[in-house]
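Hi,

Here is the structure I promised to pass on to you. Have a look, and my notes on what I found in it follow below.

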Amino acid sequence: MGVNVDGVFSGGGVKALAFIGALEVLEENHYKFQRLAGTSAGAIVASLLAAGYKAKDLKIILEELSLEKVIDQPLTDRIMPFSKWMFLYYRMGLYKGNRLEQLIDKWLSKKGIRTFAHLPENSLKVICSDLTLGRMVVIPDDLQEVYGIDPHTFSVAKAVRISSSLPYFFMPVKLHGKKGRSLLVDGGVLSNFPIWLLENEHGRRKRPIIGMQLSDPPDQLPEQKIKNAIQMFHALFRTMKQAHDGRYISVTKSRDVIFIPVTGVQTTDFCLSESQKQELLEIGKNQASLFLKRWSR
């Protein structure tokens, strides 16, 4: 008999391959996800699980996330390769992100999922960041109130693409709402690990939650080395994410999280070797196995 749980997945770009190894272990132990939430790469994994994909399917699917298939250079960049840095100032991103959305839509469509109307109610929640309004947005929950958009008509692939719009790497997505046009980017800017989404206002849970986070536990995070302005920017970004999520990941809640520390792989490193991919899968498997040995739901 399966064990019903809810699942939360953090962002982390290509490092999210480690989630697949962890999911294999959970599936072998008959855990079944009922509700899912995720940010950025975690939103991609959460959406595919919500659509009915299994770990073995994800292993094949995410192989498609090569650099060539994900990035789509604007025409000016293809004609003048060095122009991308000049136009970055105006476009606010190196790549459009349309190909990523098309890939996600293709995968979801194979399971009959196009809009949130095709998913069970409240089965998937995706975190995004609205830079124009200066607020966090949960899709589909906030679509009607913030933008006047019927959530049942909104594309799941678009929601995931917005959540995965890593600042400066992908261009922001424009949404027209009640107050005009908004620019939306990666949900990780404001919450990289939205475990709070699957709890009510009193912190109570409908069923046990298993979270997967691509980092060390909060009390074991390594010190950040800052020797120049670029490193300071990255440190600032990481600190903002950790500060927000750290408020919700108490010592007690940390017991429900599979922490998967990944080193030596960058978020946008789409050119991983087969050995690196296998290493990520093994890290996920090992951490999930250790987690289940101590977890008390």
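Arg 135 is partly exposed, with a relative accessible area of 30%; buried here stands for under 20% relative accessible area, exposed for over 50% and partly exposed for what lies in between, using a 1.4 Å probe and protein chains only. Its salt-bridge partner is Asp 142, at 3.6 Å from N to O. Asp 142 counts as buried at 13% relative accessibility. Elsewhere, salt bridges with shared partners join Glu 24, Lys 59, Glu 282 and Lys 285 into one network. For a salt bridge, a side-chain nitrogen of Lys or Arg has to lie within 4 Å of a carboxyl oxygen of Asp or Glu, and by this rule the count comes to 14.

Before going further, a word on the source: this is a predicted model, in which local features need pLDDT of at least 70 and side-chain atom pairs count only at pLDDT 80 or more, while totals for chains, interfaces and linings use all residues. Residues are numbered from 1 along each chain as its sequence is written, and side-chain values use heavy atoms, with hydrogens and water left out.

Asp 6 is the residue I would like to show you next. Its relative accessible area is 0%, so Asp 6 is buried. Helices (H or I, at least four residues) and strands (E, at least two) are DSSP runs, numbered from the N terminus. Arg 35 is buried, as is Asp 6. Asp 6 also forms a salt bridge with Arg 207, where the closest N and O atoms are 3.0 Å apart. That pair links distant parts of the chain, 201 residues apart: Arg 207 is in the loop between β8 (180-186) and β9 (209-213), and Asp 6 is in strand β1.

Strand β2 (residues 31-39) also holds Tyr 31. Tyr 31 is buried, at a relative accessible area of 12%.

Which way does α2 run relative to α9, parallel or antiparallel? Helix α2 (residues 41-50) packs on helix α9 (residues 156-163) at an angle of about 160°, and their axes are 8 Å apart. That makes the two roughly antiparallel, a label for angles over 145 degrees, where under 35 is roughly parallel, 65 to 115 roughly perpendicular and the rest oblique. The axes are lines fitted to C-alpha atoms, for helices over the stretch in contact, and the angles run from 0 to 180 degrees between N-to-C directions. Ala 43, Ile 44 and Ser 47 of α2 make the contact with Val 156, Val 160 and Ser 163 of α9, where contact means heavy atoms within 4.5 Å.

With helix α7 (residues 98-109), the axis of α2 comes within 10 Å and crosses at roughly 20°. The two helices are therefore roughly parallel to each other. Here Ile 44, Ser 47 and Leu 48 in α2 meet Leu 100, Ile 104, Trp 107 and Leu 108 in α7.

Best wishes
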